[in-house]
Amino acid sequence: MQNKNVFAAVALIMIEMYAGGALAQKGTAGAIDEIIVTARKRAESLQTVPQAITVLNAADLRALGATLSSDVALHTPNLMWHSILGFSTPNIFLRGIGSTTFNANQANPVGLHVDDVYQGSTLSYGFGLLDLERVEIIKGPQGTLFGRNTTGGVINFISRKPDPAAGLNGSTTLTYGRFNQADVNGALGFALSDRAAVRVAAQTLNRDGYVANRNPASGITRQGKAEIWSGRAQGRLIDASDFDILLNVHGGKNHSDIIPGKQVGILCPPGISTPTLARCSDFFGFRDTTNFRESFTNIPSFDNVDTWGAGGTITGGGWAGMTAVSQPPYESNHRRLTNDSDAGPAAAIKTNVLSHFHQFNQEFRVSSNPGESLAWIVGGNYYSDMLNAFQNFALNAFGPGALSRFFPVEEGIASRLLQRTKSTAAFGEANYKLNPRLTATLGLRWTQDRRTAETNSFIFDARGLSRSFITEQD
């Protein structure tokens, strides 16, 4: 078919090292430092941008104890961020606009960008805040400049760039807390010459499970662990002819548990008409407890996502009153998910997902240099992605073996999906300053999307009851 902080830390150590140059110019006493943003795809003062924007810089994120991408929602008005499957595929709402879907082939109407690059897969939205310069949350529709899937707004995570003028500089943060929470963040930048610099950063966020499993047959003791690793390397060359070339490679893994759910039940005693936790049971007589720190699931639930990518930003300016930018990034991820969907001790419902995602994006734009009464920007964008996914729902006693003895095999329904997306766009925006307090803006974007999907669904019998992952070969 086609269509056109989980827990407070008890110890914190921070080490910062600067040598060979100043990193930033401090403001005078009593003055407010100017905040520079790129909400309109050009560097300008926040005070001059006629949009509702929340900006969290590196100092803000450090002071607030933010470590995960989702933590920005704790400190941003009108932003909600939660997920029912670990840290991946979150439901993001901005000013009430969002989506409740958790499928990898669905896009969120709040666009997530990293260094101005659109992230087409929601699987990559759960990540650690690694050596960031700032986070910009731009509220309201941003379709003209940012394009598709930005009806609610844009969240842009902007990395700290290598700077030849900064010399040798770096930082390290170590955190230890309850449940063996052990977080390490480190970054190091150094100059190769007066025009070239390199910056590397790495992070690991770890915590043992905080939910006790009370089902002895499961072999599980604790659930809810966090295990996130990420790294990034950047190289930058500032050419004498006003070219700024920034290249990067990055990758990471999120091998965290899915927090086990609590089963409300469906069979209730007389006098209770609405299913209630700890008062109603499932079809097998299991009644859950009200303790949210204990679970009775029979299999581990996890959502393992590995990500990797590379890209760059090539900027040329200072000539003919214009600045040109080219960005050609590539992103990819691999997912393996298992979830005990019935949240009880019976081997009743299990979900497995296996997927591969690849994305390529090329944007080229030209903008006027700052300081003019008429500020304009024009550009074009090409985007393509491919998602290859297999998922199954093991609904035991539903399928070809439904009439056999009690759960002799894992059986249920499954589906395959091969989805491809291609999008091309041209855009432009002009801002004319009528007077010091009034500016007129005109913007236009043309986009053509083409998406194809090949899918089929079927019922299946696996080879037998197993705690392992069910694949198409089973």
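Buried means under 20% relative accessible area, exposed means over 50%, and partly exposed lies in between, with a 1.4 Å probe and protein chains only. By that rule F283 counts as exposed, because its relative accessibility is 63%. This is a predicted model, in which local features need pLDDT of at least 70 and side-chain atom pairs count only at pLDDT 80 or more, while totals for chains, interfaces and linings use all residues. Residues are numbered from 1 along each chain as its sequence is written, and side-chain values use heavy atoms, with hydrogens and water left out.

Start with the whole chain. It has 474 residues, and 47% of them count as buried. Its secondary structure comes to two helices and 27 strands. Both kinds of element are DSSP runs, numbered from the N terminus: helices are H or I with at least four residues, strands are E with at least two. The chain exposes about 23000 Å², and carbon and sulfur atoms supply 59% of that area. Accessible areas come from the Shrake-Rupley method with a 1.4 Å probe; for residues, only the protein chains shown count as cover.

Now go to the interior. Take a nonpolar core as a set of buried Ala, Val, Leu, Ile, Met, Phe, Trp, Tyr and Cys residues joined through side-chain atoms within 4.5 Å. The largest such core has 19 residues, and L79, W81, V135, I155 and F157 touch the most other members. Strand 6 (79-82), strand 7 (91-94), strand 9 (110-114), strand 11 (132-139) and strand 12 (153-159) each supply at least two residues of this core. Strand 11 gives the most, with three residues. Apart from this core lies another, of eleven residues, among them I53, F146, V154 and I377.

Contact here means heavy atoms within 4.5 Å. Not counting residues up to four places away in sequence, F157 touches a list that includes W81, L112, F127, L129 and V135.

Two strands pair if DSSP finds at least two bridges between them. An open sheet of five strands has the order 5-11-12-9-10, with mixed pairing. Strand 5 and strand 10 (117-118) stand at the edges, each with a single partner strand, so one side of each has no neighbour in the sheet. Strand 5 (residues 53-57) is still largely enclosed by the rest of the structure, because four of its five residues are buried. Strand 5 and strand 11 run antiparallel and are joined by five bridges. Within that pair, V55 has E136 of strand 11 as its bridge partner. Strand 9 and strand 12 run parallel, also joined by five bridges. There, V110 is the bridge partner of G153 in strand 12.

Stay with strand 11 and look at I137, which sits in it. I137 counts as buried, because its relative accessibility is 0%. Leaving aside neighbours within four places in sequence, I137 is in contact with A52, I53, T54, T76, L79, L94, V154 and I155. I137 and N156 are 19 residues apart in sequence, yet their C-alpha atoms are 6.4 Å apart in space.

Another open sheet has three strands in the order 17-16-20, with mixed pairing. Strand 17 (222-223) and strand 20 are its edge strands, each pairing on one side only. Strand 16 (residues 211-213) pairs with strand 20 in the parallel sense over two bridges. A212 stands opposite E294 in strand 20.

F283 belongs to the loop between strand 19 (243-257) and strand 20 (294-295).

Finish with strand 26 (residues 411-435), where S415 has its place. Strand 25 (residues 374-395) runs antiparallel to strand 26, joined by 21 bridges. F393 stands opposite I413 in strand 26. Strand 26 also pairs with strand 27 (residues 438-461), in the antiparallel sense over 24 bridges. Strand 26 and strand 27 form a hairpin with two residues between them. S415 is buried, with a relative accessible area of 15%. Beyond its neighbours within four places in sequence, S415 is in contact with A389, F390, Q391, N456 and S457.
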